[in-house]
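Please read this note with the sequence and the model open beside it, and look up each place as it is named. The points are meant to be checked one at a time.

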2 protein chains.
Amino acid sequence: MAGNQGFEALTVETLPARLGALPALRTRIGAGSSHWKVREVGDGNLNLVFVVESETGTVIVKQALPYVRLVGDSWPLPLKRSFFEYNALRRQAARDPGMVPEVLHFDETQALIVMEFLTPHVILRQALIAGRQLPKIARDLGLFLARTLFRGSDLAMVAKDRKADLALFADNVELCDITENLVFSDPYFAAKMNRHTTPQLDGIVAELRTDRDLKVAAQQMKHLFVAKAETLLHGDFHSGSVMVTIEETRVIDPEFAVYGPFAFDVGMLLANFWMSYFSQGGHEDAGSRAGMRAYLLGVIDETWATFAAEFAALWRTERKGILYQASLFEDQGDALGAEQALDALLTDIWVEALGFAGVEIHRRILGLAHNADFETITDTDLRARCETKALKLGRHLAVNRRAIHSIAEVNALAERLEREIVR
Amino acid sequence: MAGNQGFEALTVETLPARLGALPALRTRIGAGSSHWKVREVGDGNLNLVFVVESETGTVIVKQALPYVRLVGDSWPLPLKRSFFEYNALRRQAARDPGMVPEVLHFDETQALIVMEFLTPHVILRQALIAGRQLPKIARDLGLFLARTLFRGSDLAMVAKDRKADLALFADNVELCDITENLVFSDPYFAAKMNRHTTPQLDGIVAELRTDRDLKVAAQQMKHLFVAKAETLLHGDFHSGSVMVTIEETRVIDPEFAVYGPFAFDVGMLLANFWMSYFSQGGHEDAGSRAGMRAYLLGVIDETWATFAAEFAALWRTERKGILYQASLFEDQGDALGAEQALDALLTDIWVEALGFAGVEIHRRILGLAHNADFETITDTDLRARCETKALKLGRHLAVNRRAIHSIAEVNALAERLEREIVR
């Protein structure tokens with residue numbers, strides 16, 4: 001793991017000279033680095049992101065900084081997150097080819113990854129705020145979830161390799177710590193960095209923070225996140241980590257990668273779609289978003305259905321790991337035994353995904369890191385009404401996760417909340 | 001981690017010359033190594049164990065071999081298990097002082113641990129076979145379980161240290177592999193190394209190996225063992241890993257140490273007590289073991305009760321880790337919220353412990369590594385009757401674990417099985 005020895009942050013000015021000799025760049029955008037056009041486009045909270053362009057091509061250079069960019073050097077964050085992002089990208093590329101940007105170069109000391117420039121892709125979250133209906137995201141993301149999660153687990157991997165990967169990513173401590181605190185705990189008490197739409201949400205926030213069942217549920221989800229090391233997660237799988245065109249879906253930014261429960265990425269993504277659903281009412285200046293709301297509920301339904309179907313297909317064809325071995329089922333003429341085990345596992349993933357979805361919704365409204373979906377609603381009364389509906393759905397999911405049986409049930413509740421505030 | 005470079009197995013003859021200069025030994029048993037009396041006493045399956053004695057003292061030297069001693073060099077097994085045993089002993093000594101042998105010296109290259117010689121302690125399993133009632137084991141082992149399991153988890157540890165330990169022990173791959181195969185899978189199909197009392201058990205063995213619910217349950221327990229990295233386990237916590245006098249209880253041999261579920265060690269120990277219970281009927285040559293049976297059911301009851309009570313006490317006093325933080329409960333005047341979470345966690349541990357107990361019983365009768373409790377019953381008809389009762393209890397525990405509410409229920413079923421074969 002790199003420390004900060006020898007690290008130097010790139011700038012628009014220094015980048016061509018510092019990276020001009022790299023074969024990976026010269027091949028892609030040409031040797032004349034003095035003619036490269038460089039702009040910094042990082043809009044995330046953590047890193048520098050440069051677009052480097054020449055007449056022959058364009059690449060992305062992403063460089064970690066030794067602190068949280070959003071906050072400054074009072075919040076140090078290790079450069080090694082770049083190492084984990086690089087390693088996660090490689091594994092994801094192998095597990096669902098074509099779904100992550102191609103990596104052209106990795107420099108551990110400089111904590112930088114040179115990768116394919118995606119164009120004309122935009123961030124999915126921005127597209128959904130703009131009211132765009134992307135026809136392929138549900139299928140692409142459902143498949144990506146099933147393939148990366150199944151293939152990174154003891155259902156598919158050689159046990160020794162899986163354990164080595166577990167150990168490798170266990171060192172991604174500081175980014176895990178962000179998830180552990182900001183997602184699962186801070187939203188449920190008056191933690192220093194929290195904020196919410198005030199004063200409109202003060203009442204419901206107070207209510208949620210004294211809601212014993214909710215706090216216990218959130219901590220149970222944290223316990224699962226921390227202890228249930230089933231597979232390599234993306235770790236930050238929301239609509240801001242997805243880039244889209246009408247034709248293509250790509251997943252970016254897996255620097256939070258760590259071993260965790262199958263359900264974590266699934267639940268986080270579903271949560272972000274439900275939040276998009278509730279935020280639509282704040283973006284109706286140019287007309288009703290009724291069609292967009294119907295589209296989003298369909299996306300949620302199709303994402304889960306695709307995930308479950310693909311996970312089941314992989315179970316039947318690629319289950320070569322140490323869990324639920326064919327030697328105990330299919331090889332003994334008992335394929336139904338394997339189906340019984342699959343049903344039970346998918347039920348667990350389902351229940352846990354709802355739990356993770358609930359807390360993800362809460363932390364985006366009550367915690368430090370908010371969503372543009374709601375944040376871009378400038379009328380705070382309107383925003384608070386949207387957020388309130390989402391908070392209520394989140395509470396329902398987290399607390400009642402074991403009693404909910406289908407996406408249709410959750411979507412019906414979302415529609416009811418959208419029509420009326422259900423207390 | 002050491003490979004085998006420089007490793008040389010000790011012998012009774014070479015030990016004094018090779019270890020004579022070690023300060024740890026000279027302090028304990030004196031410098032005159034030529035007068036040391038050395039005997040090899042290893043009766044386990046894996047290692048060399050020497051007793052080294054002088055006029056002033058006695059120590060144990062335990063050395064790993066690069067293969068499974070029971071099988072020979074056709075089954076290689078890495079020396080690094082000694083490293084994991086040493087590291088587990090250190091942690092257990094800190095977490096429940098006085099319960100493991102004192103380590104005097106560790107040599108990673110030679111894969112050897114010099115430790116305190118326990119005398120007049122005997123192996124608990126042998127004592128139970130002999131019909132001895134040890135008054136302290138339930139309390140001592142219940143406390144040891146609670147203290148080591150609680151204090152090795154994210155309930156108590158600094159998250160960063162817990163993750164580093166997870167990574168460290170994740171390399172104990174080969175011993176995990178033994179557990180994964182021999183405990184959870186091999187017993188449930190005709191794996192090559194399996195054996196059972198034949199022909200008497202052939203019928204029930206065939207029945208269990210076509211029992212779909214049982215096979216699914218066993219694989220679900222394997223899934224939990226592999227994926228739920230809650231705490232540092234002993235990993236092989238049966239009555240052969242406990243040494244006793246009337247006054248003292250000590251836990252030895254944690255070379256299978258790995259991060260796993262709270263319930264694993266608990267379930268394995270309970271299983272070995274239930275097996276001892278069913279084996280008593282095979283040891284009645286010198287008189288009825290009715291008193292011994294009653295004693296064992298009491299031990300089981302007290303072990304669980306002690307574990308649960310101590311776990312709860314630690315929850316209330318030492319819960320300083322990242323899970324179920326006081327900032328969300330006690331600090332908000334909601335101590336009952338923490339109690340609610342504790343109840344739910346203990347319920348999970350209970351259910352999982354029953355599942356692990358069920359498969360542990362099965363593997364000791366159907367798999368490779370059998371128990372002396374049953375094996376020393378030379379009348380194979382009698383042995384098979386004892387084993388049959390245990391197999392039936394094991395099946396009940398594994399499959400119905402979620403529907404069982406108390407030790408009293410299980411003990412009542414055990415008594416019923418002991419009186420009559422319940423089909």
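Predicted model: local features only at pLDDT ≥ 70, side-chain atom pairs only at ≥ 80, totals over all residues.

1. Sorted by class, the contact of H6(A) with H6(B) has five nonpolar residues, one charged residue and no polar ones.

2. Within chain A, helix H10 (residues 263-279) packs against helix H15 (residues 407-419) at an angle of about 25°, and their axes are 11 Å apart. H10(A) is therefore roughly parallel to H15(A), since angles under 35 degrees count as roughly parallel. H10(A) contributes Leu270(A), Trp274(A), Tyr277(A) and Phe278(A) to the contact, while the residues from H15(A) include Ile407(A), Val410(A), Asn411(A) and Ala414(A). By class, this contact of H10(A) with H15(A) has eight nonpolar, one polar and two charged residues, and H10(A) passes H15(A) in a right-handed crossing.

3. Two threonines deserve attention, and the one in chain B is Thr245(B), which lies in the loop between strand S10 (242-244) and strand S11 (249-251). Thr245(B) has a relative accessible area of 15% and is therefore buried, as the cut-off is under 20%. A polar atom of the Thr245(B) side chain lies 3.0 Å from the backbone nitrogen of Glu247(B), and a polar atom of that side chain lies 2.8 Å from the backbone nitrogen of Glu248(B). Not counting residues up to four places away in sequence, Thr245(B) touches Pro120(B), His121(B) and Leu134(B).

4. The threonine in chain A, Thr27(A), is found in helix H2 (residues 23-29). Is Thr27(A) buried or exposed? At 70% relative accessibility, Thr27(A) counts as exposed, because the cut-off for that word is over 50%. A polar atom of the Thr27(A) side chain lies 2.7 Å from the backbone oxygen of Pro23(A).

5. Arg363(A) has its place in helix H12 (residues 335-366) of chain A, and at 7% relative accessibility Arg363(A) counts as buried. Leaving aside neighbours within four places in sequence, Arg363(A) is in contact with several residues, among them Leu182(A), Val183(A), Pro187(A), Asp236(A) and Met268(A).

6. Pro199(A) sits in the loop between helix H7 (173-183) and helix H8 (202-209) of chain A.

7. Lastly, Tyr324(A) has a positive phi of about 55° although it is not a glycine; Tyr324(A) is found in the loop between helix H11 (290-318) and H12 of chain A, and is buried at 3% relative accessibility. Asp253(B), likewise not a glycine, has a positive phi near 60°, and Asp253(B) is partly exposed, with a relative accessible area of 25%.

Methods. Residues numbered from 1 in each chain as written. Chains lettered and ligands numbered in written order. Heavy atoms only, no water. Nonpolar A, V, L, I, M, F, W, Y, C, P; charged D, E, K, R; others polar. Helix = DSSP H or I, 4+ residues; strand = E, 2+ residues; numbered from the N terminus. Buried < 20%, exposed > 50% of the residue type's maximum accessible area, 1.4 Å probe, protein only. Polar contact = N/O pair within 3.5 Å; in protein donor to acceptor, adjacent residues only side chain to side chain. Contact = heavy atoms within 4.5 Å. Axes fitted to C-alpha atoms, helices over the stretch in contact; angles between N-to-C directions. Parallel < 35°, antiparallel > 145°, perpendicular 65-115°, else oblique. Left-handed = near helix turned anticlockwise from the far one by under 90°.
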